[in-house]
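Hi there,

Here is the structure I promised to send over. Have a look at it first, and then read on for my notes.

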Amino acid sequence: MSRTALRICPLCEATCGLTLTIDDGRVTGARGDRDDVFSKGFICPKGAAFGAVDSDPDRLRAPLVRVDGELREATWAEAFDAVAAGTRPVVERHGPHAVGLVLGNPNVHTVAGALYPPVLIAGLGTRSLFTASTVDQMPKHVAGGLLFGDANAIPVPDLDRTDHLLLIGANPLESNGSLCTAPDFPGRLKALKARGGTLTVIDPRRTRTARLADRHLAVRPGTDALLLAALAHTLFDEGLADPGELAPHLTGLDELAAALHDFTPEAVAPACDVDAATLRTLARELAAAPTAAVYARIGSCTVPHGTLASWLVDVLNILTGNLDRPGGALFPQAATDRTPRPAGPGRGFALGRWHSRVSRHPEAKGELPLSALAEEIDTATDDGEPIRALIAVAANPVLSAPDGDRLDKALGSLDFMVSVDPYLNETSRHADVVLPPPPPAQSPHHDFAFNTLAVRNQVRYTRPAVPLEPGRMAETEILARLVLAATGMHGADPGAVDAMVIGQTLAKAVREPHSPVHGRDPEELAALLTGDNGPERRLDMMLRLGPYGDGFGADPDGLTLEKLLAHPHGIDLGPLRPRLPQPLKTRSGKVELLPEPIAADLPRLRAALGERPAGLVLVGRRHLRSNNSWMHNVPALTGGSNRCTLHLHPEDAARLGVRDGQPVRIKGAGGEVTAPAEVTDGVRPGVVSLPHGWGHDRPGTRMRHAAADPGANVNQLLDGSLLDPLSGNAVLNGVPVEVAPLTATVTKTFGALT
Ligand code: SF4
């Protein structure tokens with residue numbers, strides 16, 4: 001029997017509402033939900049392939065447990081017994097930091113990934129935490145932490161109202177947006193142009209987004225911070241710096257001007273390869289626009305000065321008076337945000353509260369760099385125990401972290417490893433236990449993370465579109481049981497995890513004078529929660545305590561889970577609104593424009609004024625039908641232009657003697673890979689581009705389609721030593737490489753590609 005069900009798409013950050021067609025319990029179609037309050041019917045090719053992603057035959061259907069060296073299907077009880085038996089002795093013998101935890105990017109796309117990892121981290125007490133953030137956006141967190149006192153305070157561009165949008169290192173026509181949740185990002189850019197606005201794109205590649213722009217500056221990779229510093233310098237130099245109504249909330253404006261003194265457009269231009277007059281013009285246009293927003297993404301984060309670039313993005317929005325005003329960049333207010341506390345000084349943001357054991361990298365936001373994971377496993381020091389057991393949740397660092405070969409070997413040396421993963425992939429193949437979550441249609445969905453980054457305040461929740469198949473376990477239950485097994489409570493009721501979180505949260509809320517439940521009885525409040533299960537009761541609690549919540553009866557018109565369920569297409573909560581100074585948690589209670597760690601890092605940026613790479617440098621790229629390593633096993637999303645080729649400019653190709661389609665060897669500090677060349681003037685001379693998330697050619701995996709066209713693992717070109725020192729973020733762009741055509745003998749193996 002055919003029916004439809006609503007489901008928020010989890011396949012990228014845009015969070016579109018989908019209407020799924022379901023036949024006999026299987027998703028057979030997906031279209032955009034026209035009534036969705038946020039996405040209004042938008043869908044992209046990934047969303048349209050939801051059914052194929054959901055029903056991939058290579059998804060694991062039962063847990064795997066290693067017996068006599070081989071992974072074999074097991075019962076859930078056997079699997080969790082093995083997790084407890086594998087992790088607890090490591091904690092007891094070697095201490096909590098000997099258990100590492102790796103959280104992959106899909107965690108932010110699931111309800112379970114939002115609700116349980118924090119409990120697992122706290123329960124384990126480990127400092128060996130690694131996530132995808134340090135190969136992606138950690139510089140944004142550190143910049144937000146230092147400027148605003150809150151690592152999760154990330155302003156987003158007000159796409160629908162701005163007059164001038166400056167995009168740096170972002171390609172939303174392919175990615176559909178990142179740290180800026182906006183269904184139909186392409187349509188919103190076209191609307192900006194249609195209303196007479198200006199789009200400027202800074203990117204070493206002439207991307208599809210760049211082709212839409214009024215002005216495209218093909219900057220030299222890795223020099224974004226210099227370019228942004230020159231824009232900020234110009235604003236001061238020409239008397240254009242005018243924070244307007246922000247002024248009472250700022251501290252350090254004069255010190256900032258002095259710190260940027262050396263970064264004149266003339267000094268910066270040779271390094272960026274963008275002429276000084278253009279930089280001055282751009283700064284003047286930003287200052288003159290009725291409203292403007294500067295937005296930078298992965299290309300500006302995964303570089304040696306990623307935190308400085310992220311800081312300067314916010315600085316520019318502040319100096320032009322565009323932070324926290326409509327049409328500029330604002331702080332979203334999600335429905336599950338904590339109850340807003342009164343404005344005033346906070347605890348501030350600290351970096352380096354502990355360090356990695358081997359290379360002494362400082363922690364940031366409680367995390368160590370993913371680049372350091374391999375050495376934290378395979379290198380003994382006098383300073384504490386190496387990691388001996390690893391818990392990987394939705395993580396494939398063998399492909400996503402620098403030097404996958406070293407990590408691949410290191411994972412093989414662990415005493416114990418557990419992976420929560422739907423696939424037997426390049427990382428989970430090392431696990432002693434693999435716990436497969438159900439396909440996405442069998443899970444509920446709410447975007448805890450992405451609603452805090454959305455260009456419009458709204459709230460949506462979808463229950464599972466189809467019931468759990470026999471033998472499946474809900475992802476929330478898998479993670480709750482993992483928490484119990486790894487923290488010494490194996491065998492307890494998984495509902496105890498949710499009950500504990502609810503009890504602790506409500507006990508804290510009733511003590512907070514600004515809470516709507518101040519002074520009430522936590523047990524009485526817990527009894528009021530609704531929902532079919534623990535995760536739903538937690539969502540209900542967060543909604544009711546949140547900024548739009550009913551406060552457990554204090555505001556009868558406020559949000560509850562029941563009210564949300566009565567609005568299956570979501571509830572619109574209005575456009576972004578100015579919020580300062582409430583979100584500030586700095587010790588001063590103000591925006592601290594020149595924090596000490598930033599000031600201390602500026603000499604390194606000054607030194608970069610004289611740097612000019614002599615050879616080729618590598619950048620990544622994104623494809624509309626791909627998202628990291630997730631979807632390479634889905635035939636509908638691979639092939640065509642979504643292939644792992646090396647883009648290089650015709651001038652470089654001619655100089656190197658490389659023909660279009662010819663296999664080339666690419667060599668970096670960490671190793672070498674081969675890929676077919678794609679000669680295109682879509683990259684600037686001196687730059688080559690290879691997408692990431694490929695390299696599905698290791699033995700022991702079960703991803704048949706991906707293995708048939710494996711591509712090359714770009715991260716093998718890195719040795720893990722290049723980091724942004726403030727954030728620990730890996731440097732993935734602007735990396736020096738050598739490229740050479742393969743010899744005729746080797747070329748034969750690539751016959752199909754030539
Ligand atoms: S844009 Fe993203 S959220 Fe929307 S349908 Fe495509 S993959 Fe899904």
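This is a predicted model: local features need pLDDT of at least 70, side-chain atom pairs count only at pLDDT 80 or more; totals for chains, interfaces and linings use all residues.

**Around the ligand**

Let me start with the ligand, whose surroundings consist of Cys9, Leu11, Cys12, Ala14, Thr15, Cys16, Phe42, Ile43, Cys44, Lys46, Gly47 and Asn176. Sorted by class, this shell holds eight nonpolar residues, three polar ones and one charged one.

The protein has a mean pLDDT of 95, with 99% of its residues at 70 or more. Residues 744-754 are a stretch to treat separately: the pLDDT there is below 50, and the model gives this stretch 12 contacts beyond near neighbours in sequence.

Take α20 (residues 495-509) and α22 (residues 534-545): their axes come within 9 Å and cross at roughly 15 degrees. Since angles under 35 degrees count as roughly parallel, that makes α20 roughly parallel to α22. The crossing of these two helices, α20 and α22, is left-handed. On the α20 side, the residues involved are Asp498, Val501, Ile502, Thr505, Leu506 and Ala509, and they meet Gly534, Pro535, Arg537, Arg538, Met541 and Leu545 of α22. Seven of the residues in the contact of α20 with α22 are nonpolar, two are polar and three are charged.

Next come α5 (residues 117-124) and α19 (residues 475-486), with axes that come within 10 Å and cross at roughly 0 degrees. α5 and α19 are therefore roughly parallel to each other. Pro117, Val119, Leu120 and Leu124 of α5 make the contact with Leu479, Leu482, Val483 and Ala486 of α19. What classes of residue are found in the contact of α5 with α19? There are eight nonpolar residues, no polar and no charged ones.

The last pair is α10 (residues 224-237) with α13 (residues 276-288), which pack at an angle of about 65 degrees with their axes 9 Å apart. Here α10 passes α13 in a right-handed crossing. From α10, the contact uses Leu227, Ala230, Leu231, Thr234, Leu235 and Asp237, while α13 brings Leu279, Arg280, Leu282, Ala283, Leu286 and Ala287. The contact of α10 with α13 has nine nonpolar residues, along with one polar and two charged ones.

That is what I have for now.

Best wishes

Definitions and conventions
Residues are numbered from 1 along each chain as its sequence is written. Side-chain values use heavy atoms; hydrogens and water are left out. pLDDT is the predictor's confidence in each residue, from 0 to 100. Contact means heavy atoms within 4.5 Å. A residue is near a molecule or strand if one of its heavy atoms lies within 4 Å of it. Ala, Val, Leu, Ile, Met, Phe, Trp, Tyr, Cys and Pro count as nonpolar, Asp, Glu, Lys and Arg as charged, and the others, Gly among them, as polar. Axes are lines fitted to C-alpha atoms, for helices over the stretch in contact, and angles run from 0 to 180 degrees between N-to-C directions. Helices (H or I, at least four residues) and strands (E, at least two) are DSSP runs, numbered from the N terminus. Angles under 35 degrees count as roughly parallel, over 145 as roughly antiparallel, 65 to 115 as roughly perpendicular and the rest as oblique. A crossing is left-handed if the near helix is turned anticlockwise from the far one by less than a right angle, and right-handed if clockwise.
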